[in-house]
Amino acid sequence: MWVLIASELAVFGLALLGYAGARARDPLGFVAAQDTLDRLAGTINTTILLTSGLFAALANEAARLGRRNLARTFLSMAGALGIAFLALKGWEYAREFAAGADIDSSPFFTLYFLVTGFHALHVALGLVVLAIVARNASPGAVETGTAFWHMVDLIWVVIFPCFYLLR
């Protein structure tokens with residue numbers, strides 16, 4: 001799992017380096033496009049993922065203490081918040097598409113849709129991982145599954161300011 005996590009962090013790191021390079025070439029275009037994003041939705045999604053990370057950590061501790069049912073409950077709560085994240089991200093995408101933004105609109109939106117879409121794919125994969133480890137809820141499985149989930153959280157904590165906040 002750690003090799004997978006390291007490789008995923010490297011891929012996202014390279015994508016964000018590409019973002020920084022493209023932004024340096026067109027700072028005004030990036031700011032103009034960035035201003036169309038819904039910062040409140042991004043902030044809510046950040047809160048959702050960080051809270052899901054808390055539930056994942058609580059699941060890990062419950063599993064370590066042998067409280068498998070409690071671990072499953074916390075994993076379910078983390079998963080429910082992951083689903084909420086995806087629903088809000090889908091709403092954001094629909095709003096952006098309705099406003100005329102798409103992957104070909106500008107370099108900003110190309111990178112925005114690719115990076116956040118790739119992240120959303122990782123959230124969906126993380127939901128599958130959480131569901132799989134919840135079946136047995138053994139300490140090792142929960143630790144491994146929640147490590148992946150925390151990686152997904154960490155990546156969003158970097159994506160959010162890059163795309164929504166930094167000027």
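These are my notebook entries on a predicted model of one protein.

**Ground rules.** I number residues from 1 along each chain as its sequence is written, and side-chain values use heavy atoms, with hydrogens and water left out. Local features need pLDDT of at least 70 and side-chain atom pairs count only at pLDDT 80 or more, while totals for chains, interfaces and linings use all residues.

**Fold.** I looked up the secondary structure first. The protein has 6 helices and 0 strands. Along the sequence the pattern reads α-α-α-α-α-α. Helices here are DSSP runs of H or I with at least four residues, strands are runs of E with at least two, and both are numbered from the N terminus.

**Overall dimensions.** I checked the radius of gyration, taken over C-alpha atoms. It is 17 Å. A compact globule of 167 residues would be near 15 Å, so the two agree. The globule rule is 2.2 Å times the number of residues to the power 0.38. Along the principal axes, the C-alpha atoms fill a box of roughly 55 × 30 × 20 Å.

I find 44% of the 167 residues counted as buried. Buried means under 20% relative accessible area, exposed over 50%, and partly exposed in between (1.4 Å probe, protein chains only). Of the contacts with a separation of 6 or more, 78% come from residues 24 or more positions apart. Contact means heavy atoms within 4.5 Å.

**Helix H5.** I traced H5 over residues 107–136. It has 30 residues and reaches 45 Å from its first C-alpha to its last. That is close to the expected 44 Å, which is 1.5 Å times one less than the number of residues. Ala-137 follows H5 and has a positive phi, near 55 degrees.

**Lys-89.** I located Lys-89 in helix H4, residues 68–98. Is Lys-89 buried or exposed? Its relative accessibility is 1%, so Lys-89 counts as buried. Leaving out residues up to four places away in sequence, Lys-89 touches Asn-45, Tyr-112, Thr-116, Trp-156 and Tyr-164.

**Arg-167.** I found Arg-167 in the segment after helix H6 (139–165). Arg-167 is partly exposed, at a relative accessible area of 47%. Which residues does Arg-167 contact, leaving aside neighbours within four places in sequence? They are Arg-23, Val-31, Gln-34, Asp-35 and Arg-39.
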